[in-house]
Amino acid sequence: MSWTWFHKLASPPHAYRILGSMAPWFGWASLALILLATWWGLVKAPADYQQGDGFRILYVHAPSAWMSMFTYVVMAVAAGVGLVWRIKLAHAAAAACAPIGASFTFLALATGSIWGKPMWGTWWVWDARLTSELLLLFLYLGYMALRASFDDPQRADRASAVLALVGVINVPIIHYSVNWWSTLHQPASVTKFDKPSIDLAMLIPLFLMIAGFQLYFGWAVSRRLRGEILRRERNANWLKEAT
Amino acid sequence: MTPRQKRMVTVVAIVAGVGIATAFALKAFNQNLLYYYSPTQVHAGEAPASRSIRVGGLVENGSLARKPGSMEVTFILTDYAQKVPVSYTGVLPDLFREGQGVIARGRMDGNRFVAEEVLAKHDENYMPPEVADSLKPHLDAANSAAPGST
């Protein structure tokens, strides 16, 4: 099999150019979608029959929780590709994902806590869902700390990639925790092999918000990866020629 | 095998190995990962009597009673198979109502469960009040026809 296309994509100058031209598209589309979804979710969508207007925090909580897991999978795949094909750009992409994923995880935990206090009657419980999501935050932070502890970028890449791969086991655990064990957190409303348990009028803004968050991820990771390329290639000839 | 294929095998082996190890560990600790016991488990003696436990179930319709002049409430927790009478003194969460899932933390005192904390569970259904109203006759019919479904 020929891997030329793959290696061309993995060449830093090529990636740097492509990412630079994609970032604004991601950025503006994400901003537009998030604004639309915010208005739709907060104003147009009906209140819930049990939780009233309080359920609307779902429009931040669920997308950020989804993105916290999505980002981890992207990070682990990039780390695995970096390990197998020895592609520095893949390691750089994994490194670019970590702070974004950690932010999504923190947002999911914080909004969940704010939601839990009035509805459940508690800020925090140690049930399987909440605990495994907290573990995800620690995995991101551990990944970043491990990277930072090496001076040699190659050793940092390899060591942190192994951690990213080990931690990916936590992602299905987070997702299925609500089905495998009794938890205070309710089971999934949307991501299941069944009709969504959420009314269509409430589901549309949720999907718009998730799409907006996905595009935001595209924007943030493009920008961060460009920064990462600049840092790693600061002595390269193509950069000297470009500046 | 080329070095690249070797590395590929290593990566797959790491993920599979950690996955299998985690699966065994979770299986071994399964009981500890349960956040609450059901009334059936309590009746079967699966819940420890000596320490504080959590019991989760639905608040039986018509079972909620408030003691006049105090914060004390009593209600019955059910999973449609077994029932546990609960008494609790304190503020109940907003979502606490009859027919709603709750989790009570406390200990058994004879046949009665004395709760120190009551948390409301909410389910995965979200809908506007009009839809809930139109569904209600169906849901009630379904509940009385098929007890045991939660």
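## Two domains in chain B

The centres of domain 1 and domain 2 of chain B, taken over C-alpha atoms, are 39 Å apart. Domain 1 of chain B covers 3-32 and domain 2 covers 36-145, with bounds that come from an automatic or database domain assignment.

## About the model

This is a predicted model, in which local features need pLDDT of at least 70, side-chain atom pairs count only at pLDDT 80 or more, and totals for chains, interfaces and linings use all residues. Residues are numbered from 1 along each chain as its sequence is written, while chains are lettered from A and ligands numbered from 1 in the order in which they are written.

## Chain A as a whole

Let's turn to chain A, which has 9 helices and 0 strands (DSSP runs numbered from the N terminus: H or I of at least four residues for helices, E of at least two for strands). The radius of gyration of chain A is 20 Å, close to the 18 Å that the globule rule gives for 243 residues, so chain A is as compact as a globular protein of that length. That radius is taken over C-alpha atoms, and the rule is 2.2 Å times the number of residues to the power 0.38.

The C-alpha trace of chain A spans about 60 × 35 × 35 Å along its principal axes.

## A pair of helices

In chain A, helix 3 (residues 58-85) and helix 4 (residues 88-120) pack with their axes 7 Å apart, at an angle of about 160°. Here axes are lines fitted to C-alpha atoms, for helices over the stretch in contact, and angles run from 0 to 180 degrees between N-to-C directions.
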